[in-house]
Amino acid sequence: VVVSGVYGPTVTRADGWLSFYDIFVRNAFGAYGDVLRHISVHANTLDYHHALFCSAHHATGRAMDETFARELLQVYTTGNYALDDGGAMARPRTRTYADADVVELARVFTGLGRRDNRKNVH
């Protein structure tokens with residue numbers, strides 16, 4: 001999982017980076033699904049993928065941002081194509097998800113925001 005401090009307002013939020021790091025500390029020997037669930041709704045991840053404050057098409061007239069949803073499917077979970085038991089690309093080449101799956105997953109992340117900074121972090 002890669003999150004850079006180059007984009008967005010989370011760059012200056014120390015508590016954001018500390019809580020992001022804590023996800024991996026708390027789940028170091030746990031299930032990958034737990035890590036994925038926590039980072040998927042973390043402000044730093046969503047900010048990096050421009051998914052914070054995304055609006056639905058009917059609210060803005062613009063299409064939803066599908067970048068984060070597509071990355072979750074391609075990089076963090078299923079991959080682009082099915083693999084055989086040996087880890088090689090299965091023949092015939094079979095997609096693991098459809099474009100409709102990306103749209104539906106993007107809807108999950110529509111409207112997420114960021115909470116206010118904590119006052120006790122310096």
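Is Asp-99 buried or exposed?

Modeller: Asp-99 is exposed, at 51% relative accessibility. The classes run as follows: buried is under 20% relative accessible area, exposed is over 50%, and partly exposed is in between, using a 1.4 Å probe and protein chains only. One caution before the details. This is a predicted model, in which local features need pLDDT of at least 70 and side-chain atom pairs count only at pLDDT 80 or more, while totals for chains, interfaces and linings use all residues. Numbering starts from 1 along each chain as its sequence is written, and side-chain values use heavy atoms, with hydrogens and water left out.

Asp-99 forms a salt bridge with Arg-70, and their closest N and O atoms are 3.8 Å apart. This pair links distant parts of the chain: Arg-70 sits in helix H5 (residues 67–76), Asp-99 in helix H6 (residues 99–108), and 29 residues separate them. A salt bridge here is a side-chain nitrogen of Lys or Arg within 4 Å of a carboxyl oxygen of Asp or Glu. Helices are DSSP runs of H or I with at least four residues, strands are runs of E with at least two, and both are numbered from the N terminus.

Arg-70 has another partner. Its salt bridge with Glu-66 brings the closest N and O atoms to 3.5 Å. Arg-70 is partly exposed, with a relative accessible area of 26%. Glu-66 is also partly exposed, at 24%.

The axes of H5 and H6 come within 8 Å and cross at roughly 120°. That angle makes H5 oblique to H6. Axes are lines fitted to C-alpha atoms, for helices over the stretch in contact, and angles run from 0 to 180 degrees between N-to-C directions. Under 35 degrees counts as roughly parallel, over 145 as roughly antiparallel, 65 to 115 as roughly perpendicular, and the rest as oblique.

On the H5 side, the contact uses Ala-69, Arg-70, Leu-72 and Leu-73; on the H6 side, Asp-99, Asp-101, Val-102, Leu-105 and Ala-106. By class, this contact has 6 nonpolar, no polar and 3 charged residues. Contact means heavy atoms within 4.5 Å. Ala, Val, Leu, Ile, Met, Phe, Trp, Tyr, Cys and Pro count as nonpolar; Asp, Glu, Lys and Arg count as charged; the others, Gly among them, count as polar.

The loop between H5 and H6 contains Pro-92. A cis peptide bond joins Arg-91 and Pro-92, with omega about -5°. Most peptide bonds are trans.

H5 also packs against H2. Their axes are 13 Å apart, at an angle of about 160°. H2 and H5 are therefore roughly antiparallel. H2 passes H5 in a right-handed crossing. Tyr-32, Leu-36 and Ser-40 of H2 meet Phe-68, Leu-72 and Tyr-76 of H5. This contact has 5 nonpolar, 1 polar and no charged residues.

Arg-37 and Asp-34 meet through their side chains at 2.7 Å, N to O. Both lie in helix H2, 3 residues apart, about one turn of the helix. Asp-34 is partly exposed, with a relative accessible area of 26%. Asp-34 is also touched by Asn-27, as are Val-35 and His-38, leaving aside residues up to four places away in sequence. Asn-27 lies in the loop between helix H1 (14–26) and helix H2 (32–40). At 13% relative accessibility, Asn-27 counts as buried.

Beyond the other end of H2 comes Val-41, in the loop between H2 and helix H3 (43–48). Val-41 is exposed, at 52%. The C-alpha atoms of Val-41 and Phe-109 are separated by 8.0 Å, although these residues are 68 apart along the chain.

Finally, the whole. The protein comes to 6 helices and 0 strands. Of its 122 residues, 29% count as buried. Among contacts with a separation of 6 or more, 54% join residues 24 or more positions apart. The whole structure holds 4 salt bridges, including the Arg-70 to Asp-99 pair.

Conventions: A crossing is left-handed if the near helix is turned anticlockwise from the far one by less than a right angle, and right-handed if clockwise.
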